[in-house]
Amino acid sequence: MMNYQALLQMNTIFISILIESLPFILLGVLISGIIQMFVSEEMIAKIIPKNPVLSVLYAIGAGVLFLACECGIVPITRRLIAKGVPLSAAIAFMLSAPILNPIVLFSTYIAFGNSWSMVFYRGGIAFLVVIIIACILSFQFKTNQLKHDHIGHTHHNSQTFKDKVKGMFRHSIEEFFSVGKYLIIGALLAAAIQTFLKTSLLLEIGQGNLSGNVVMMALSYVMSLCSQADAFVASSFRSTFSTSSLVAFLVFGAMFDIKNTIMLLGTFKTKFVLCLMAYIFISVLGLTLLFIS
């Protein structure tokens, strides 16, 4: 009986994760198709500054204006890199969009009782993490790190508008099935871990400053919440964990969780994804311990 109840709970969590994520995946693959068919490499070259620092800041600014979650942003990032956007700038865009966009920051403000401090903590730590990661990637990786670097170029001038629209939907459908299977696998893993992992155990070991941050980051990774809703979950832990731990939860979970890890592993080389996760984990942990009591 207990096993049956556990399976029902896992199924409910799995479906809720899919329902939460699919709209953003659909939006992401549609924008990816638009970029493929309507944005040429020449246009990208004109828009993105040549200076590495300016290109990263430009990418963060674009992320602030972009309403996407950590899953829906992956196909867009892949398409941008394939079109010639520098890896550091593309990853800066990918990491900043799910946290720094106005909807996420506003939801954080509401979830914590109209508290601007949590908004500034979350936004400020996220901004610093993105800058640190972009700097590291610009020095360590000199190639685009895509696992399947076969996304072909499009001859924009030789196609009519109707052809481009058809191509846009074709690419969007291909992208959806490409990333969709990774979303399903990731959502299933997240649901299974949430069902069978005892959160009471995490709460017991997460009472210290360091351990509290680590536990909350691990919890955000396991829960795989959408960044538009994670603040309301984090606020429920206010009586149990410190502000530093809550901010670590809000920043790390919006950049890395189970479902988008699976998607990233299907998009980028494994070494790159593991390095990216390690750098983000260390940066979030270090900055939250250093700047937030």
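Author: Helices here are DSSP runs of H or I with at least four residues, numbered from the N terminus. This is a predicted model, where local features need pLDDT of at least 70, side-chain atom pairs count only at pLDDT 80 or more, and totals for chains, interfaces and linings use all residues. Residues are numbered from 1 along each chain as its sequence is written, and side-chain values use heavy atoms, with hydrogens and water left out.

Reader: OK, where is Leu-57?

Author: Leu-57 sits in helix 3.

Reader: And is Leu-57 buried, exposed or partly exposed?

Author: Leu-57 is partly exposed, because its relative accessibility is 39%. Buried means under 20% relative accessible area, exposed over 50%, and partly exposed in between, with a 1.4 Å probe and protein chains only.

Reader: Which residues make the nonpolar surface patch?

Author: Leu-57 is one of them, along with Val-53, Leu-54, Phe-127, Leu-128, Ile-132, Leu-290 and Phe-291, and the patch comes to about 730 Å². Helix 3 (52-64), helix 7 (116-140) and helix 14 (270-291) each give two or more residues to it. For a patch like this, residues need over 30% relative accessible area and no salt bridge, and nonpolar side chains (Val, Leu, Ile, Met, Phe, Trp, Tyr) are joined within 5 Å. The areas come from the Shrake-Rupley method with a 1.4 Å probe, and for residues only the protein chains shown count as cover.

Reader: Switching topic: how many salt bridges does a search of the whole structure find?

Author: Two. That takes a side-chain nitrogen of Lys or Arg within 4 Å of a carboxyl oxygen of Asp or Glu. Asp-230 pairs with Arg-122 at 2.8 Å, N to O. Asp-230 is in helix 11 (residues 230-235) and Arg-122 in helix 7, so this pair ties together parts that are 108 residues apart in sequence.

Reader: Are Asp-230 and Arg-122 buried or exposed?

Author: Both are buried.

Reader: What about the salt bridge of Asp-257?

Author: Asp-257 pairs with Lys-259, with the closest N and O atoms 2.9 Å apart. Asp-257 counts as buried because its relative accessibility is 0%, and Lys-259 counts as buried at 1%.

Reader: How many residues of helix 13 are buried?

Author: Nine of the ten in helix 13 (residues 258-267), so that helix is largely enclosed by the rest of the structure. Among the buried ones are Ile-258, Lys-259 and Met-263.

How values were computed: Patch = residues over 30% accessible without salt bridge, like charges linked within 9 Å, V, L, I, M, F, W, Y side chains within 5 Å.
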